[in-house]
Amino acid sequence: MNFDIIIIGAGPAGISAGLYAKRANLSVAVIYSGESQLEKAHKIDNYYGFPEGITGIDLYKNGIEQAKNLGIEVIESEVTHIEMMAPPPATLYTVKAGAAEYSAPVIILATGNKKLRPQIENIVEFEGKGVSYCAVCDGFFYRKKNVAVIGNGIFAVEEASHLANIAESVTVLTDGKDDFQIKKEISENPSLAEKIRTDSRKIKKILADGQNAKVAGLEFADGEKFSADGIFVALGTAGAADFAKKLGLMLNEDSIAVNEKMATNAPGIFSCGNANGGLLQVCKAVYEGGVAGLSAADYIRNMKKDLA
């Protein structure tokens, strides 16, 4: 399906961006999955217009319902891949979510920042020394080597699939969690089934190569050791920083760098809300979402003028 704007994330930033873009008479899709940080808020009593406060989950659901009522296409599916298919002036991106693909000249990232780190001994010490959070960024360094991916969802399968074309072997480690979903995803793609293995044992710690202080593998809770040259972490669903790294967006540490219009350094890609860091509050997310929606609408209008 084709849209003018695809927004990834259905929290206050994403929905606000969608409302402003839709009111500019553009076709808009909001794609989201997983639990929003807003849903975890027991009560919000510092947001304008609610004298008795409101629960995070009610505010979240109200926003999604408001978007649907305005005619925004709201799709509950996990986004695993974004790719530029055409450069300016006719910018076009494709978004893979579940089994479907969508396209638009503008993407707004509003997923929040979900860098999740497993509770595994030594993992922090080896970040950047064999432990990575981005297969597209670092997979190149593990050509013909043995790697592992820690995760138990579709995001982990996507990372493993990318690495399967580069590494000698790829094993998805679910760290004590059920590996049913992983096996199901892999079994539905015969080419992956030949390249990717799974292991559901609990992980105890990361092991070091004594000579150069890099990752040598890991040790399971049962005491057995597993040899690996690189370990990639892909827990939960992909967050803003994950997409940013794959798209080559500039970052300020783990936050996306934007200008006053919420535009990133990539043409047609905007970012808003917690993904940009700063004050992690609903009021900021709503403001930045509004700016991103209006800026995206201006981008579409200017692009159409250039192509006329």
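Leaving aside neighbours within four places in sequence, which residues is Cys 134 in contact with? Before I answer, a word on the basis: this is a predicted model, in which local features need pLDDT of at least 70 and side-chain atom pairs count only at pLDDT 80 or more, while totals for chains, interfaces and linings use all residues. Residues are numbered from 1 along each chain as its sequence is written, and side-chain values use heavy atoms, with hydrogens and water left out.

The residues in contact with Cys 134 are Gly 139, Glu 159, Phe 232, Lys 245 and Lys 246, where contact means heavy atoms within 4.5 Å. Cys 134 lies in the loop between strand E8 (131-132) and helix H3 (135-138); helices (H or I, at least four residues) and strands (E, at least two) are DSSP runs, numbered from the N terminus. With a relative accessible area of 2%, Cys 134 is buried. Buried here means under 20% relative accessible area, exposed over 50%, and partly exposed in between, with a 1.4 Å probe and protein chains only.

I turn now to helix H2. The buried residues of H2 are Gly 56, Leu 59, Tyr 60, Gly 63, Ile 64 and Ala 67. Seen down the helix axis, they fall within an arc of 135°, so they line one face of H2; the arc is that of the directions from the helix axis to the C-beta atoms. Their cover includes helix H1 (12-23), strand E2 (28-32), strand E3 (73-76) and helix H8 (282-307). On the other side of H2, Lys 61 and Asn 69 are exposed. Just after H2, Gly 71 adopts a positive phi of about 100°.
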